Amino acid sequence: MSESQTTTIVYNDKITRQFILASVVFGVVGMLIGVIAALQLAFWPANVSEYFSFGRLRPLHTNAVIFAFVGNMIFAGMYYSSQRLLKVRLPSDLLGAIHFWGWQLIIVSAVITLPLGITQGKEYAELEWPIDIAIAGIWLVFAYNFFWMLKRRNEKQLYVALWFYIASIITVTVLHVVNSMVIPVGLFKSYSVFGGVQDALVQWWYGHNAVAFFLTTPVLGIMYYFIPKVSNRPVFSYRLSIIHFWALVFLYIWAGPHHLLNTALPDWAQTVGMIFSLMLWAPSWGGMLNGLLTLRGAWDQLRTDPVLKFFAAGVTFYGMATFEGPLLSIKAVSSLAHYTDWIIGHVHAGALGWNGFMAAGMFYWLVPRLYGTKLHNKAAANWHFYIGTVGILLYVVAMWVAGITQGLMWRAELPEGGLQYGNFLETLIELRLMYWMRLVGGTFYLLGFVLMAWNLFMTVKSGKAVDGSIEVANIGLAPEKNRKTWRELAVAQPMQVSALVLIVTIVAGFATSLAGGAMLVTLVAVLILIVVFQSLKEGRIGPSWHSIIEGRAGFFTVLVVIAVLIGGVAEIVPTIIASPSALKSTTNVPYTALELEGRDIYIKEGCYNCHSQMIRPFTWEVARYGAPSTPEESVFDHPFQWGSKRTGPDLAREGPLKSVAWHYEHMLDPRKSSPGSNMPPYPHMATNTIDFGDTEGKLRGMRRIGVPYTIKEVQLAESSANAQAALIVQELKDTANVTIAANTELVALIAYLKRLGNPPIVETPEGEEAVPAAEETK
């Protein structure tokens, strides 16, 4: 073909280089914070100040690793691979630059706000509402540039990696928008519009699928692109990749409730979450096998090639994590593992093994090519692999042992009745060795990562930035013969069978028995296989149905949207519909003005990272903490505070158990009241003050989202807070000879802790009626 018939496309690889640099830098930072947090759990004096206590560093660690390290890594991989798969340059370098710098500013804002205690208190979604808006804006910039690239592509068929990228972009958009719905009550303070059970379901619908569609599906797309590239082998099975993709996208979105098994969540939601989590075994392992078997014929290279080592191990860890996830979603297993360190081990097996090793493999392969040189030190890359692997194994094994030990000790009962380990701290003290072992494992992994950073830096230093290019024909995409309309594609046999799958799923979903659940799993699995078979059947003339939609980016994207929304709508809408009636029928009483301020301090200090407020209906939990928690008890909690880890005991019934003086002493010197505790002291809370003048705005905001404060209660918020604080101050003086200012954070926190499990009996003043916020008069 002559030069005039072709065009040279030079890819924008600058943006890939930028995201790789950011990923490596923030990876070191995020992992270092993780090592510090691990040290704080093993050695409490490492909590050196209020800004660097475990409760504030833990969310900074998770945000840094998830959104800064892995986030930047997936953007680098997506920009690099998408341009080459579509044979087109990134449409807008400006939008790409806005995306890069905007994302880094968001990360920096997290680094500033989280240590300051500015947080929503929602796991993996702690950042406050102005930053949430910025995230949405930057994500839309990224999405617009990506879909613009799809529209301008010079390669008609969408390769499997692009399917996963499309699903990731669409689903993360939906997750972020729904979970970020809040009522702002200040520049850096807001309350979730969802409360109690409703908020728990929305949060873990988001939390589980943030792992699925931010940490998993985009990295699977990277797997499907880079493993064939590195091994110089085609993907093992095209059909298996179709099963992997559609089953994963449809099933994943339903599985969130498995994080809330044996809680106050409705049984139907728990059952749905468990069943769909179990079904995830098949597509997840199908994807793992597809990745590993792509290396067939290249296994001999693993001895010498560090890139293939990291990819093979990363995919293996993906298989381990996706085997363990459904296992933990079985109610009986969850009863042992939930709230323990086993869950921490599970999460880190995926984050360090799957995300971390896939990132390392991609970086070692990409950086030399992006700078036109060779990897500086191949031996150092191999050492990184071995050091990192040892680190992961030490970390995960320590957490498995600690978690199972915790679970068994919590439930251990004496032959004559009663708990064998009635003091919660007995279980914590037993785990100290495992906490030190975790620290060693995490340090090993960090050292390996630092070694990689040095190796990549030296590689960059020895080369010069180069951008890839390709010659493409000027004829554009060839027009389709007998192009099928959207209607024809929508009523084709695979779509008909898919509709049948949905109907059967909904009908069988009402069966909550074991037999009904097993039938549901079997039917859905069989019908999914029928859909795939139908989609791959070649027509009498022309390509298969799935081959056609792979060339129709718009139709393909619409199908992804439908597949994702079905599960979300089916799970969340019923709880939203039920919420108003639950508020009307509750006998619970909203928090007083001071208790609400205390709850905000509880969230600010990250207490939810170590304490739960959910007593499960097990004899050993009832014996330890009291009656099982009910949905009504958290109906006014925006956000909910059920927690996901117990480094300390459950607090759902804490109120009547401890005196005001005990709480005061415990917050200033935890080991004086609880010998062996690893809780940090909080002396700053005895001097930091609260402006009760802002409390009225907080009650007004809560009223807008359905909490039945009366107009009078809102207007008298400041005086009410001062009055209740004065009573606590007087009690401290009378019982412990302690003098403290009434407007301190510690007094407010004590008011909140005393309320837990001990709601006051409040009578509505004569003539006063709680009215909807919409009817409030100025």
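1. Helices (H or I, at least four residues) and strands (E, at least two) are DSSP runs, numbered from the N terminus. The structure is a predicted model, in which local features need pLDDT of at least 70 and side-chain atom pairs count only at pLDDT 80 or more, while totals for chains, interfaces and linings use all residues. Residues are numbered from 1 along each chain as its sequence is written, and side-chain values use heavy atoms, with hydrogens and water left out.

2. Asn737 sits in the loop that runs between helix H28 (717–736) and helix H29 (745–755), and its phi is near 55°, which is a positive value in a residue other than glycine. With a relative accessibility of 68%, Asn737 counts as exposed; here buried means under 20% relative accessible area, exposed over 50%, and partly exposed in between, with a 1.4 Å probe and protein chains only.

3. Tyr124 is also not a glycine and has a positive phi, of about 65°, and its place is in the loop between helix H3 (93–113) and helix H4 (129–151). Tyr124 is buried, however, with a relative accessible area of 10%.

4. The next point concerns the nonpolar cores, where a core is a set of buried Ala, Val, Leu, Ile, Met, Phe, Trp, Tyr and Cys residues joined through side-chain atoms within 4.5 Å. The largest nonpolar core has 165 residues, and Trp103 and Phe363 are the ones that touch the most other members. Helix H2 (residues 54–86) gives the most to this core, namely 17 residues. Because domain 1 (11–473) and domain 3 (593–776) both give residues to this core, it lies between them; the domain bounds come from an automatic or database domain assignment.

5. Which residues does Trp103 touch, not counting residues up to four places away in sequence? With contact taken as heavy atoms within 4.5 Å, Trp103 touches Phe67, Asn72, Phe75, Ile98, Ile135, Ile138, Trp139 and Phe214. A second, separate core has 45 residues, including Tyr591, Val660, Ala686 and Met702.

6. His666 belongs to helix H24 (residues 660–668), and at 12% relative accessibility it counts as buried. When residues up to four places away in sequence are not counted, His666 touches Ser673, Ser674 and Met679.

7. Pro639 is found in the loop between helix H23 (619–625) and H24.
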